[in-house]
Amino acid sequence: MSKRDGDNTVPGGRKRRPPRRPRPTGRQPSSSAEGGSQPAGSPKQSSGAARRPSGGSAEKPGSGSAKRGDGSAPRRSPGPGLPGALSRFAAGLGSGKAGAGKNASGPARPADVGAIIGWTLLSVFVPGIAHLRAGRRRTGLILISAYAVVLLGVLAFVLFSLDNVGIYMRSSVHTTVTALAVLGALCWFALVISSYITLGPNRLNQQGQIVSGIVVGVVCVAVMAPFALAATTVQAGSGAMQNIFRSAEDDPDIAPIKEEDPWNGKDRVNFLLVGGDAAGNRTGVRTDSMNVASVHIPTGTTVLYSLPRNLQHVRFPPSSPLRKQFPNGFMAELPQGGLLNEVWQYATDHPDLAGGKNKGPRALMDAIGHTLGLKIDYYAMVNMYGFADLVDAIGGLQIRVERDIKWGGHYGTAGTIKAGNRRLSGEETLWYGRSRVESDDFNRMSRQRCVIAAFAQQATPQKILTNFTDLARATKRLAQTNIPQELLEPLVPLALKVKDAKISSLQFVPPEYWPGNPDWAKIRKASAKAIQDSLKPARRARTADVTASPGAPTATATPPGTAAAKPTATPTRKTQKAGSTSLDEACGL
């Protein structure tokens, strides 16, 4: 046997078979069962196995898998029907990348315009879902996790602030919210664009790309709008606060506001509420409506004192510079002069006598406080037309009008507010409290206190938040106040207490109190008694468990939810009671 023969032989003396040439595609080579023998060590074909039909691709010996003629594995697609559709959907969510051209497990991204737009819109509410749909699992999970953290953070802040709603009055919170709103707008804009690109809009035809691009552009603007609204609303409120409320450091008459005790150890705070009428055809400020709200800080129980504008010859405390000028009362030398509503303007016009410039508010606070035997802590003067804007901003006031009220001029030619339960607009509310047609100042005072009570009751936090921008715009027409910015944070929870607490009212009107010849001692005594009575338990609560003696009428408590008895007509100087009365009963609230 020659050397060549040794090179081409295998053990056993047989010659090595030369490698086969690849046959052209489409022709079936002979199987090992039909022709040649199998190489040693290769798995034998079962005798019972079915033969591959003609035209199929041949199996490579020892491979155990069939291949196509071009060397690639055959693509297997799910069967028809619902199982196949579910399989394709699962394959699209869980495997492949949006940028992949081919995917052995099925399509990994939407294939039409509707799907791309739909998944992009869904990503606005569930960030990361479009990335998961496109196969970017890591990016999608990161976005979903970040979104969950943000939601938990917002929820934690809201729950924390439920016990301290005044925190929203802080300028630092305003700045933080504005910055977060701007950042949120940019992040959601980037999210929409990223989700859209990840879904592969370049696979669409030209028309599909144009349609989807326009829709996504509109979505980008839409998702930024809420953040822009939040930022502008917060800035509007912050601007209104800066415009109306000054710092305590700017007013030497205001005691410093301590963070740990903003009320300086007091359990009661007194506010002077002034309705100013500075019309264009009048000179100076006319304080036509003057009320004092004495608020019990722990409970919010409030006593509202109404003083007539024509109260004459009020006295000033020893600490007031005007005490030296008017030791016997304001303009006591004038029998028909020296009205209470002239004090503000007089002090403004005579800074040399009032102790400095712009001392009108302080002079009026001193005079009213000395009259009632109280120390007036703060004041707020509301321009009449600014108050009408406030009423419109919360959607009007629901007031029970006892009788027709004509308004406009001296004869009421401008209009009539009909009797009944009415929702009055800002202008109607203004004239309801101001009209003198067929009435007098004492009727006006009664209506004004009902307006104040209705506003305090119906200006709910929900209405304030819903109409915050309009309210901020309306407050710019309010005249002025000395309530400092530092007090706004504790003032908000106190206002919420007042809204849900009892409000009683005391008017100093005839026949008990004559403005032309007031009994100052009697006024102070009634003022103190009204505060004492306001802190007593309600009569209904005191009589709920009372058992009458035999033969006497039984006192029963009014069941919860039972409508209160209809109040009588608005009190006048003939029907005004001597003591304080509940505003809910007097005004039918």
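Let's start at Asn482, which sits in the loop between β11 (480-481) and α17 (488-500). Those labels follow DSSP runs counted from the N terminus, with at least four residues of H or I for a helix and at least two of E for a strand. What you're looking at is a predicted model, where local features need pLDDT of at least 70, side-chain atom pairs count only at pLDDT 80 or more, and totals for chains, interfaces and linings use all residues. Residues are numbered from 1 along each chain as its sequence is written, and side-chain values use heavy atoms, leaving out hydrogens and water.

Is Asn482 buried or exposed? With a relative accessible area of 7%, Asn482 is buried; the word means under 20% relative accessible area, with exposed meaning over 50% and partly exposed falling in between (1.4 Å probe, protein chains only). Its side chain reaches the backbone nitrogen of Tyr379 at 2.8 Å. That is a polar contact: a pair of N or O atoms within 3.5 Å, where, within protein, one must be able to donate a hydrogen and the other to accept it, and residues adjacent in sequence count only if both atoms are side-chain atoms. Setting aside residues up to four places away in sequence, Asn482 touches Asp251, Ile254, Arg362, Met365, Asp377, Tyr378 and Tyr379, a contact being heavy atoms within 4.5 Å.

Now step back to take in the whole chain. It has 20 helices and 13 strands, and 39% of its 589 residues are buried. Among contacts with a separation of 6 or more, 67% are between residues 24 or more positions apart. The accessible surface comes to about 34100 Å², and 57% of that belongs to carbon and sulfur atoms; such areas come from the Shrake-Rupley method with a 1.4 Å probe, and for residues only the protein chains shown count as cover.

Next, follow the strands. Seven of them form an open sheet with mixed pairing, in the order β11-β6-β3-β4-β5-β12-β13. At the edges are β11 and β13 (581-582), each pairing on one side only. Two strands pair here if DSSP finds at least two bridges between them. In the sheet, β4 is largely enclosed by the rest of the structure, because 10 of its 10 residues are buried. Strand β4 runs antiparallel to β3, with nine bridges joining the two, and Gly275 stands opposite Ser289 in β4. Strands β4 and β5 are antiparallel as well, joined by six bridges, and Ala293 has Leu304 in β5 as its bridge partner. The hairpin of β4 and β5 has five residues between the strands, and there Gly300 takes a positive phi near 85°.

Move on to β5 (residues 302-307) and β12 (residues 503-507), and the pairing is parallel, over five bridges. Helix α17 lies across β3 (268-276), β4 (287-296), β5 and β12, running at about 95° to β4. For these angles, axes are lines fitted to C-alpha atoms, for helices over the stretch in contact, and the angles run from 0 to 180 degrees between N-to-C directions.

C-alpha to C-alpha, Arg449 and Ser306 are 7.5 Å apart in space, though 143 residues apart in sequence. Arg449 belongs to helix α14 (residues 441-458) and is buried, with a relative accessible area of 1%.

Further along is helix α16 (residues 468-475), where Leu471, Ala472, Ala474 and Thr475 are buried. Why are they on the same side of α16? Because they cover an arc of only 165° around the axis, the arc being that of the directions from the helix axis to the C-beta atoms. The buried residues of α16 pack against α7 (206-244), α12 (384-393) and α15 (461-466).

Finally, look at Asn164, in the loop between α5 (137-161) and α6. Asn164 is partly exposed, at 22% relative accessibility. Leaving aside neighbours within four places in sequence, Asn164 is in contact with Arg170 and Glu489. In α6 (residues 171-198) you'll find Ser195, which is buried at 0% relative accessibility.
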